[in-house]
Amino acid sequence: MARNGTRIQRVMKEVQGRITARQALPGARLPSVRAQARALGVSVSTVVEAYERLAAEGLLVSRPGSGFYVSGPIAPLALAEIGPRMDREVDPLWISRQSLDASPDTLRPGCGWLPDSWMYEQGVRRALRGLARATTPALTEYSTPLGHPPLRQVLARRMAATGIDVPPEQILLTDSGTQSIDLICRFLLEPGDTVLVDDPCYFNFHALLKAHRVKVVGVPYTPGGPDLAAFQAALDAHAPRLYITNSGIHNPTGAVLAPPTAHRLLKLAEPAGLTIVEDDIFADFETTPAPRLAAFDGLTRVIHISSFSKTVSASARCGYIAARADWIEGLLDLKTATTFSSSRMAADLIHRILTDSGYRRHMEATRLRLAQQLARTAARLRRLGIQPWLTPAAGMFLWCRLPEGRRAADVARACLKAGVVMAPGDAFSPAAEAGRFLRFNVAQCTDERIFTVLAEALRV
């Protein structure tokens, strides 16, 4: 009886999971009891009992002679239930929440931002004092639809320095880089569409795309950009609508897109009707500007986005989208419908900081500090048998391979018990093929306790 009960519960959990993930919507007919029994390897009577129990709970309705159907209303969206179940240690949503909710004494080599002491605090305070003396409308009114005009002018000049020719009228301010991608997905995608991402890629791309209920396909990433043969194969097999990637410094690998790869990538995208979203959030960490797809493409099929949470302040939420004029018009309507207006105060604050001469000097010092810390961290990790995949030219990330036989999820679990938050590789990999990798934020690796805990975790 116990074993049969377990089988019944397994069938019930399978059906409930499909309903929660919105793979089975109200009114949808479930597989016949015989088909479900074959699919799950259980008896017909087990499926009948599971369906009957779900009907008793109100999740299903039985229609004699027709079968069982999902009853309404639609289930609340549960992102954790969409796609294959993951260990919490490699679940992108859990890692983000763990890093954000960590206590002050928790060490966070797996997080994706600089320590407080590395940020431009002096400049932020100076800008806040200037903002406090601004006229009342600047402190109380909604922003203009596109967003703070002086900031958009500064952004147009900054993008021109990387070869992107865009007028301020084709720049839309948002509240973050994440909101920018969310608006673009709303604008261009329907549930069931396919989106290409790098494998590995920034793990919150996975979480956000889950919310849009699209199919995510990973393309292996090399030290010079995406594997072009695999990219072409993905275009042929899946007919994707979007490709989302980092320009400049790649997250998590630290790699840089090679110019020949960039040109070839755009040639592959054109006949496929593929739109490319390049996230340029790490631009100010570069020592030498890398190729930008938007510069080669002229914003024809590339959408360029960024924000300032990594270099200025994560509390002043401000991002932007640069795109062709007709798309900006549609994105502007979506922004108005979903958020009405972006933050006028945050945009004013960012404008004051970017035009403050101290910001340039601060970033020069930060780039030097990161380079020094990158070398120290890489050397310290090598002594533990952890090997960097490559040595980045700039930025804060090291993508590292663990010793043979060690799983990143196990190491992350052991480190977390000791108060150290890691970022295991499978969180970044749509295909879950980075089980031996960890991403290290070198700016967060200055405490020797990290390496002591890591050494102990590797011995477990």
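Ser 307 is located in strand β9, which spans residues 302–307. In this predicted model, Ser 307 has a relative accessibility of 7% and therefore counts as buried, the cut-off being under 20%. When neighbours within four places in sequence are set aside, the contacts of Ser 307 are Ser 176, Gly 177, Ile 281, Cys 318 and Gly 319.

Phe 440 belongs to the largest nonpolar core, which contains 85 residues; together with Leu 155, Phe 231, Met 422 and Leu 454, Phe 440 is among the five that touch the most other members. At least three residues of this core come from each of domain 2 (93–112 + 360–458) and domain 3 (121–355). Apart from this core lies another, made up of 26 residues and including Cys 201, Val 277, Ile 305 and Trp 327. With residues up to four places away in sequence not counted, Phe 440 touches Pro 109, Leu 381, Ile 386, Met 396, Phe 397, Leu 398, Cys 400, Met 422, Cys 445 and Leu 454.

At the level of the whole chain, the assignment gives domain 1 (7–70), domain 2 (93–112 + 360–458) and domain 3 (121–355). A distance of 42 Å separates the C-alpha centres of domain 1 and domain 3. The protein chain contains 17 helices and 13 strands. Its radius of gyration is 24 Å, close to the 23 Å that the globule rule gives for 460 residues, so the chain is as compact as a globular protein of that length. Along the principal axes, the C-alpha atoms fill a box of roughly 75 × 55 × 45 Å.

Of the 460 residues, 52% count as buried. Among contacts between residues at least 6 apart in sequence, 75% join residues at least 24 apart.

Definitions and conventions. Residues numbered from 1 in each chain as written. Predicted model: local features only at pLDDT ≥ 70, side-chain atom pairs only at ≥ 80, totals over all residues. Heavy atoms only, no water. Core = buried A, V, L, I, M, F, W, Y, C linked by side-chain atoms within 4.5 Å. Buried < 20%, exposed > 50% of the residue type's maximum accessible area, 1.4 Å probe, protein only. Domains from an automatic or database assignment. Contact = heavy atoms within 4.5 Å. Helix = DSSP H or I, 4+ residues; strand = E, 2+ residues; numbered from the N terminus. Rg over C-alpha atoms; globule rule 2.2 N^0.38 Å.
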